[in-house]
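Subject: Structure handover

Hello,

Here is the structure we talked about. Please look through it, then read my notes below.

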Amino acid sequence: MNKEMISSRQFTIITLLCSIGTAILIIPASITNDVQQDAWIVASIGVIFSLLIIKLFITLGKRTPSFTFPQAIEKIVGKFFGKAINLCFTMLMLLSAGELLYFIGIFMKTEIMPETPSMSFVLLFGIIVMYAAYLGIEVFARSAEILFPVFAFIFIVFVLCISPQIDIGNVQPILEASPSSMVFSTIRFMSLFSFPLVILLIVFPSNVDVQESATKGFYIGAMIGGVVLVTVILLSILVLGPTLTSSRTFPSYALAQRISIGDFLQRIEVIMAAMWITTIYIRMFMYFYASVISMAQVFNIANHRPLIIPLGMISMGLSQVIHPTIIESNLYNQEYWPILATIFMVLLPLMLLIIAMLRHIKAPSN
Amino acid sequence: MLTVICIIVASIIIAFIFIPSLLKIKDTKTIVIFSLLLLIGALLNSLNALNIHVPSPLIPLVMILSPLKKILDSWREGGTRK
């Protein structure tokens, strides 16, 4: 079987859309709840610190340039511990994939079609993701390339249409939040924005054609993604105000509902929703693909394709049972996910890097 | 009930698509794992369709993490008191 390759430009686009992911939908509410009008400062700090996290991922990836992340784990910590870590990683990825499907379902159900069961959206979305996983990363990268201009166009229209309603008084007074709550909110922001980028090690650097420019693309993609998120958070605070932003489940959608130009161009929020449906699709695919690849690695299966449909069915089932109510989902995403993400997506790569250094596992220099 | 039958029929069709090609290359391990995962998936979805409550898989995870969260919470409260 030929190795699938993606170009560094495609990798940049995947990084960009994957880093935005679900964050665009849920992060304004979750961090505004804690630090009120300073949320955009917290997000900006988080974006800058994310560079360090990406540096860590790249350094780890460069140690084992010809392996995917699950293979690299097994190479670095040995077979037994590697399989144990990979199994935990698979579970986490599968749960996250289920959670993202849950978000799509609950978003469509609460905001757009209240009488349709969420399973119908989950099924449609899940089939697309499974199909993409079946066709492989190369086809997926091309689809991301097609979706990107659409995303960029909608985002620019979104920003332009909402900007007349900005009320600068909403961000004042600046820096009112306590330092400790700012630290916690920064971690919360990063746990949804940059920590999950560890799944890109599945394709980087082993499946990228030009590694040098892909390294640059990793930084650039994450930075642009960060700018998009900061813009969305800033606009939600400027237009809706901190109180309304924190009380809405999906503030970005509430923001899009406010668009009204000359009492004529109104109610275009469903078109705006295409923005986060795109980004959630990209991140959902990455989580799902990571779970399939690492599951195949745990059991030493050469061809991962037969595992796609069963794992897809499991993640669709999980999306229905994972959070009984939206309140539990918010609690999980605010309190437990940051801890879990820090353990699996920062401490684990850090530990792997230290072990790789101690064991002198390096890229063959030529 | 109809949904459950649909799920079972779909699972059988999926099994019939994948298993013969795997049998041809005698990949028994993949067949076992594939069938096991398919069974779990079909069971989970059938339970959902029958409205039987399945406890969230996050509950044990949250139980493991809650001592850690308590420590973090105490730090946060210590910070705000200053």
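A residue counts as buried here if 20 or more other C-beta atoms lie within 10 Å of its own. By that cut-off, 15% of the 82 residues of chain B are buried. Bear in mind that this is a predicted model.

Chain B first. Its secondary structure consists of 3 helices and 0 strands. From the N terminus, the order is α-α-α. The radius of gyration of chain B is 22 Å, well over the 12 Å that the globule rule gives for 82 residues, so the chain is more spread out than a compact globule. Along the principal axes, its C-alpha atoms fill a box of roughly 70 × 35 × 15 Å.

Next, the contact between the chains. Chain A puts in 28 residues and chain B 26 residues. On the side of chain A that touches chain B, the elements giving two or more residues are α8 (179-193), α13 (308-321) and α14 (326-358). The largest share of that side comes from α13(A), with 10 residues. By class, the side of chain A that touches chain B has 21 nonpolar, 6 polar and 1 charged residues.

Last, the core. The largest nonpolar core has 136 residues. Helix α12 (residues 269-298) of chain A gives the most to this core, 19 residues. Leu229(A) and Phe285(A) have the most contacts inside the core. Which residues does Leu229(A) contact, leaving aside neighbours within four places in sequence? They are Ile20(A), Ala23(A), Ile24(A), Ile27(A), Ala43(A) and Phe193(A).

Best wishes

Terms used: Residues numbered from 1 in each chain as written. Chains lettered and ligands numbered in written order. Predicted model: local features only at pLDDT ≥ 70, side-chain atom pairs only at ≥ 80, totals over all residues. Helix = DSSP H or I, 4+ residues; strand = E, 2+ residues; numbered from the N terminus. Rg over C-alpha atoms; globule rule 2.2 N^0.38 Å. Buried ≥ 20, exposed ≤ 12 C-beta atoms within 10 Å, placed from the backbone. Contact = placed C-beta atoms within 7 Å. Nonpolar A, V, L, I, M, F, W, Y, C, P; charged D, E, K, R; others polar. Core = buried A, V, L, I, M, F, W, Y, C linked by C-beta atoms within 7 Å.
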